[in-house]
Amino acid sequence: MTQRVSRAILIALFLGMLGAGIFAPYPYARQFRDEIAAPPARAHLLGTDPLGRDRLSRLWYGGRISVLLAPAATLLSVGIALLIALASVILGRWWERGVKTAIDLFLSLPWLFLLLTVRGLLPLNTPPAASLLVTFALLGLLGWPGPARVLIAAAERQAQSDYVLQTRARGCGAWRTALRHIAPNLAPVIRAQFWTTAPAYLLAEANLALLGLGIAEPMPSWGNLLRELQNPAVAHDIAVWIPLILLVITMGCCQLAEPIEEASL
Amino acid sequence: MNQSFRRFAGAGLRQGLMLLLTLTATAMLSALLIGSAPGIGMDERQLDLRLSERSIDAIRSRRFVTGVGAYLRDVVTGDWGVSISLGRPVRELVRERGGLTLKTLGGGLTLAWTLALGLSLILEDLHWHGPERAAALLAGGLLCLPAAMVALLSVRLDLSPALALATVIGPRIFRYVRNILAAWSRMPYVLAARARGAAGLALVCRHICIPAAPELLALGGISAGMAIGVVIPVETVCGSPGVGQLVWLAAMGRDLPVLIHLTVLVAAAVSGANLVCDALRAFLERAT
């Protein structure tokens, strides 16, 4: 029951954010210079920010970016991890050892530290669209070691199972066995990794944005909108807290939508 | 006895070699990464029209990453270079800020572990569904908050950075500790002890905590790594002038000499913490 409700909320949020262009009353960057930091009113249901932009519109567009791109980055990470796991089954022990050493190396650096360092190495004064791509591509490209470790172990277990031995005995090649027989059987592990990784990326984006290394203005994301809370002059306004409430609801639903006994360390 | 000691020492040697390999590889990778970063080696002073051609040539010829070999030699000899944005030796900056970060990390980890372990032990002893669910809900709720947001709230409430750190990593530690203790409490010998009337914290400590100690120690190493990651947003948002804040300043200012050395330092700290925890776990397993 809880699982169904959580999934329903997530789907509703996802669809709602997809329709930002329809539901949002104004473009996210439009400034109303006569209504700077205005309180909630009929024209602006959540008021305007200190630059005179409609908060509801920014919340909607920001949600679209966060809710679409965090799963996209997760798919990239899990996709890379799956390829590495299948390659370890096909290419044998030397590849597997090399990959495991690389994973240990990656995991010896805390995730947020790695993200900040690599983000710092890239140019910071990029256009908003480029910063959006850089942020989520970084999340996707640096997040593969965790899922890869789990998927390699699962692929190894599958490779040693009877049905794989039987397919090999019948003359099925290594690539075909990996793609046609092992990969589909990894689906539950892939799903679990997706549900573990996507919320972590939502949080990582919010952390990066709060530290000023996220998506560039004026493009909104939930993380960018949380930056308004750093301004004590507007922090008392309940409308400023709505992105945080939405983020917490999304994170909570992600935790409940796919209960995982042993969350990955 | 002698043979088991030799095996223990061999494992320790292997772990030490792995640590050395990790650090060398991290240093080489970060040097390579920094060498290929866009805009590397460019200095805004090159555009200064007041400088002579010779001065500009001198600036242009000054490269702080001259190669992996030279970099490793500098690290070993203690020359960590000079920060571009702060204009001070990196070693001095790290020494100056390290104490505060260690204090924040120590305080945060101690508090998080005390709360997580204490709450888990109490819940294990009581076996009440209500408090169990409430604790799971609280931990789940706190896990939904970004670390920087928790730090921001701690600033608003005038709380210390160590407390913010404990609030971020405490729920994670609690979840893992709770799972480990719950798994051990389902062991047949624990069920038998309960059936014979054994109860209370003595049962939990003696029959659940002590056998689970190796797993808890492994978690200790992982939690140290988590805390080092979390200390960056916490110190940055709380305005605490530690190494975490230095990482952020270096990332914002593209201060590559600082970033490269801090990467190696953080890798050493995380690997070292895991090594110590692994050695303690091996020792404990050998003793029991």
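**Before you start**

Residues are numbered from 1 along each chain as its sequence is written, and chains are lettered from A and ligands numbered from 1 in the order in which they are written. Since the model is predicted, local features are described where pLDDT is at least 70 and side-chain atom pairs count only at pLDDT 80 or more, while totals for chains, interfaces and linings use all residues.

**Stop 1: chain A as a whole**

Select chain A, whose C-alpha trace spans about 75 × 45 × 30 Å along its principal axes. Chain A has 12 helices and zero strands, where helices (H or I, at least four residues) and strands (E, at least two) are DSSP runs numbered from the N terminus. Of its 265 residues, 42% count as buried; a residue is buried if 20 or more other C-beta atoms lie within 10 Å of its own, exposed if 12 or fewer, and partly exposed in between, with C-beta atoms placed from the backbone.

Now colour chain A by pLDDT, which is the predictor's confidence in each residue, from 0 to 100. The mean for chain A is 87, and 97% of its residues reach 70 or more. In chain A, confidence is highest in helix H3 (residues 55-91), at a mean of 92, and lowest in helix H5 (residues 111-121), at 80. Select residues 261-265 of chain A as well, where pLDDT stays under 50. Where pLDDT is low, the predicted coordinates should not be read in detail.

**Stop 2: helix H12 of chain A**

Select residues 238-257 of chain A, which form helix H12, with 20 residues and a reach of 28 Å from first C-alpha to last. That is close to the 28 Å expected at 1.5 Å a residue, the expected span being 1.5 Å times one less than the number of residues. Show the side chains of its buried residues, among them A:Leu244, A:Leu247, A:Met251 and A:Cys254. What do the buried residues of H12(A) pack against? Within chain A they pack against helix H1 (2-18), H3, helix H10 (187-210) and helix H11 (222-226), and in chain B against helix H6 (147-156).

**Stop 3: where the chains meet**

Show both chains and look at the residues in contact, that is, those whose C-beta atoms, placed from the backbone, lie within 7 Å. Here 33 residues of chain A are in contact with 38 residues of chain B. The elements giving two or more residues to the chain A side are helix H4 (93-107), H5, H10 and H12, and H5(A) gives the most, with eight residues. This side of chain A divides into 22 nonpolar, eight polar and three charged residues, where Ala, Val, Leu, Ile, Met, Phe, Trp, Tyr, Cys and Pro count as nonpolar, Asp, Glu, Lys and Arg as charged, and the others, Gly among them, as polar.

Next select B:Gly140, in helix H5 (residues 129-143) of chain B. B:Gly140 touches A:Gly252 and A:Gln255, not counting residues up to four places away in sequence. Because it has 16 C-beta neighbours inside 10 Å, B:Gly140 counts as partly exposed.

**Stop 4: chain B and the cores**

Select chain B, which comes to 11 helices and zero strands, and in which buried residues make up 36% of the 288 residues. Then select B:Leu165 and B:Ala227, which touch the most other members of the largest nonpolar core, a group of 108 residues. Such a core is a set of buried Ala, Val, Leu, Ile, Met, Phe, Trp, Tyr and Cys residues joined through C-beta atoms within 7 Å. Its largest share, 15 residues, comes from helix H9 (residues 200-238) of chain B. Another core, of 19 residues, lies apart from it and includes A:Ile84, A:Val150, A:Ala155 and A:Ala192.

**Stop 5**

Move to A:Ala37, in the loop between helix H2 (20-23) and H3 of chain A, which has a positive phi of about 50 degrees although it is not a glycine. Finish at B:Asp158, in the loop between H6 and helix H7 (161-185) of chain B, where phi is near 60 degrees, also a positive value in a residue other than glycine. Is B:Asp158 buried or exposed? B:Asp158 is exposed, with 6 other C-beta atoms within 10 Å.

Technical notes:
Contact = placed C-beta atoms within 7 Å.
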